[in-house]
Amino acid sequence: MEAHVWREMGLKDNEYARVVELLGREPNYLEIGIFAVMWSEHCCYKTSKPILRLFPTEGPAVLQGPGENAGIIDIGDGQAVVFKMESHNHPSAIEPYQGAATGVGGIIRDVFTMGARPIACLDSLRFGAIDNDKTRHLVHGVVAGIAGYGNAIGIPTVGGEIYFHPSYQGNPLVNAMCVGLIEHTGIAKGIAAGEGNPVMVVGARTGRDGIHGATFASVELSEESEEKRSAVQVGDPFMEKLLLEACLELIKTGAVVGIQDMGAAGFTSSACEMASRGDSGMELELALVPRREEGMTPYEIMLSESQERMLVVPKAGMEAKVTEIFDKWGLEAVVVGKVTADGMMRLKEDGVVVAEIPAKALTDNAPVYHNPDSEPEYYQRNKNIDLSQFELGCDGNQALLQLLASPNLASKEWVYRQYDHQVGANTVILPGSDAAVIRVRGTAKGIAVTTDCNSRYVYLDPYKGGALAVAEAARNLVCAGAKPLGVTDCLNFGNPEKPDIFWQFKQACMGVADACRALQTPVTGGNVSLYNETNGVAILPTPTIGMVGLVEDLAQRMTQDFKQVGDTILVIGALAGSLAGSEYLSLLHGVEAGDLAAVDLAYEQKVQDFVLAQIKQGRINSAHDCAEGGLAVAIAESCFAGELGVKLSLPASDHVASLLFGEAPTRFVVSATAANSASILSRANELGIKAWQVGTVQGESVQIEVNRTLAIDCSVKELKQVWRNALPDLLA
Amino acid sequence: MKFGVVVFPGSNCDADCFHAVQDLGHPVEYIWHKDLDLKGSDCIILPGGFSYGDYLRTGAIARFSPVMEQVISFAQNGGLVIGICNGFQVLLECGLLPGAMLRNDILQFRCQDSWLRVENTSTPFTNLMHAGQVLRVPIAHGEGNYFIEPEGLLQLEAQGQVLFRYVNQAGQVTPEANPNGSVGNIAGICNATGNVLGMMPHPERCVDELLGGAHGKLIFQSIVAWFERR
């Protein structure tokens, strides 16, 4: 075989040599194609694996950790949540609608293939600078794609994030998360076992779309990427809705040994992974695979990423049951092969063997790289910039109005009003608060969900930034009245072969791992998306954290908005922030620098536990995580829903900008009656938790006094209008 | 009284409708789109969703489902039928209700609260409401821009067939309160005989204060009250 063949498929020369060694012979074209996708970063995590081992993945409530289609965490009463997040960045970069839509479709399949009914989706999005036609095109396309798929299939899209930064200009991020609900007894797995059991393809027919999608996801984008548009799949949410109902009905019958979504790398990965997990082999007759067009080669069938397909291994003799259920839903279910005991992936076309590979060679024997890492030159330089020079250059009102109009802080209503966030009639806390909450019907419980990552923090200090992302996600859940349970992550970075990028990756993962360990939120799965670069320039490192939590009693759920005039406003955890990495510094001074405050994880855990306990005891009327934009922005956000004003008097400060707009971990803004405030303050004091009484809910303006002058005095109506209109105006 | 919820391939509010009436204490059963009988239902609900993917045109394929023949003759014999969102679109396509549905004038899907003014309280669907009452009911659709030609509109208005209109919180009909461009701010209509209701907003999503409101209950309770008085 000539070297250009495997090189064009993304394999390195040493990897080709490894293939030859594993097979004991030269591979044929089909075989090398299969190795190329299975050994792509997207499928086998060859560079990330050693780092991913840092994550805590176990805990008393973890029913399924990494390695399956999705993670599972117990919520009691025989029920569990199933959840996973995945990226669809490169497809969305060149075909935003279908790229995002199929990202949603793929993650939903990962959840229902476990036997769970999906109850919510979230989408964490990153785009380039907003004042750019291409960005607006991508935003409109991605949001419409998420809406088009999620609304039609009927799963509420309840949350997520959207941030804008020039580093994502050519390489936007679309990270889709799905959460499902399952009975412990109904868990299905992606496993092929039991010699002689049939292998069935169910759902959509196989076409020529999406060939080499997984490989495409594992290379940098460039001018030529537009030509790879054929690697982008096309979604059909109607087909997936039928597939969802049929699969859940089938799994309930108990006829299934294993079932897996045909996602990235299609038939190839689902077959190999199922066989490998079951220590089995598989023999497939490709001529039996239902296809959309004639003349497809075995190579095309194995590499197609046509959507809305699943691979099912039922118990022998249950084929007719499978067909009957799929027939009811108007879907095809066809036996294409059987499980074997010899551990080989044996593919035939009309009875002739066209490929023969040990399943484990494709999975367990995939190469693992320990890439070199080195601290980038920018790291120390940015740390050492003196930030005290960036004091308020304008009056406080102006700064606050500008921050609220920043697309990163402004209301995201323009996005979520396009998503059906209420279908299912279980959305108890709607998008727009710290975390959304979904009711678990038949119980008093709710599932709180959020995604979080401040990539500017991660860029400035990957370790601290990674830990901060986890801590903030947990704070968001606590603000909804939920106990954080577990994490799925989507690790979006540049080219890991560059030492400074690999350093970012490694440091960020160490931060995520330490925070997950401290906050007892194990990582149950996720996805790695590397090579997010355009013409050699990497995105800001973005380890998106998806977190689920449990609201034990929905009567104790909490939102961020102030509820009643006269309530006392408290700041719990920390008061002043730092300008390092702040939205204020970036937006008003055009500077992204500073030495981030480290998150004290033990203190973070203590403060979170304290706030959650106060919420559950009914002492708190509102709770809001004080994050991007600092204290003034958090206060303003809490004013908006009820259109209530506040009067605050903050302790004296020699740096007003840091006090009002500085950012810090471990900070909550809560409101409570005067009587409850007193007991909250005294209890905090006993526990060694810092807390300040800063003002009251009153009037129709946000008034914040610092050093005996009103630093901010602006009507809530004006602030809200600016905050609400910013995104629609910027995206018009 | 018993409710039946029709399930088309692609329906996605079927379970929500099922639970809404079940939670109110009424018997309810799903009716598969290939079923040829209505299982003794006294009121048929055509739920929201994307029946047949809304391919071709919203509701255009669902009207040919085998069950629709039964639904049509049930309605023609005075049976109660309520079509919500996609169900409304199906009722328009099969001719049980007049008019047609266009894409929202803003050309985007909209999921948000809407305020509805009750325009006629002497129907099976509104008899527990008072005239001019303002209900808060969420919408979620991309094609809810109701259209009917001027003569048809006059007739609808004259015969009291407009049951719900989009208004602001104060109950006024304004262009800003119209989320999709519907003619006359129309959110829901009934047929001339008053036994078939089609509406774009989702009453089944607001039957519990936990979900932010319970105005939707009034519609289901009205149906039951009407049926029991009959």
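**The interface of chain A and chain B**

Across the interface of chain A and chain B, 9 residue pairs are in polar contact, both residues being at pLDDT 80 or more; a polar contact is a pair of N or O atoms within 3.5 Å, where within protein one must be able to donate a hydrogen and the other to accept it, and residues adjacent in sequence count only if both atoms are side-chain atoms. On chain A, the elements α8 (133–153), α10 (237–252) and β14 (427–429) each supply at least two residues of the side that touches chain B. Helices (H or I, at least four residues) and strands (E, at least two) are DSSP runs, numbered from the N terminus. By class, that side of chain A has 12 nonpolar, 9 polar and 8 charged residues, with Ala, Val, Leu, Ile, Met, Phe, Trp, Tyr, Cys and Pro counted as nonpolar, Asp, Glu, Lys and Arg as charged, and the others, Gly among them, as polar.

This is a predicted model, in which local features need pLDDT of at least 70 and side-chain atom pairs count only at pLDDT 80 or more, while totals for chains, interfaces and linings use all residues. Residues are numbered from 1 along each chain as its sequence is written, chains are lettered from A and ligands numbered from 1 in the order in which they are written, and side-chain values use heavy atoms, with hydrogens and water left out.

The contact (heavy atoms within 4.5 Å) takes 29 residues from chain A and 26 residues from chain B. The two chains bury about 2300 Å² between them, 55% of it on carbon and sulfur atoms; buried area is the accessible area (1.4 Å probe) that two parts lose on being put together, summed over both. Between the chains there are 3 salt bridges, each a side-chain nitrogen of Lys or Arg within 4 Å of a carboxyl oxygen of Asp or Glu. One of them joins B:D208 to A:R439, with the closest N and O atoms 3.1 Å apart.

Chain B itself has 5 helices and 11 strands. Its radius of gyration is 16 Å, close to the 17 Å that the globule rule gives for 230 residues, so chain B is as compact as a globular protein of that length; the radius is taken over C-alpha atoms, and the rule is 2.2 Å times the number of residues to the power 0.38. Of the 230 residues in chain B, 63% are buried, meaning under 20% relative accessible area, with exposed over 50% and partly exposed in between (1.4 Å probe, protein chains only).

B:L107 lies in the loop between β5 (100–102) and β6 (110–118) of chain B. B:L107 has a phi near 65°, a positive value in a residue other than glycine, and is exposed, with a relative accessible area of 53%.
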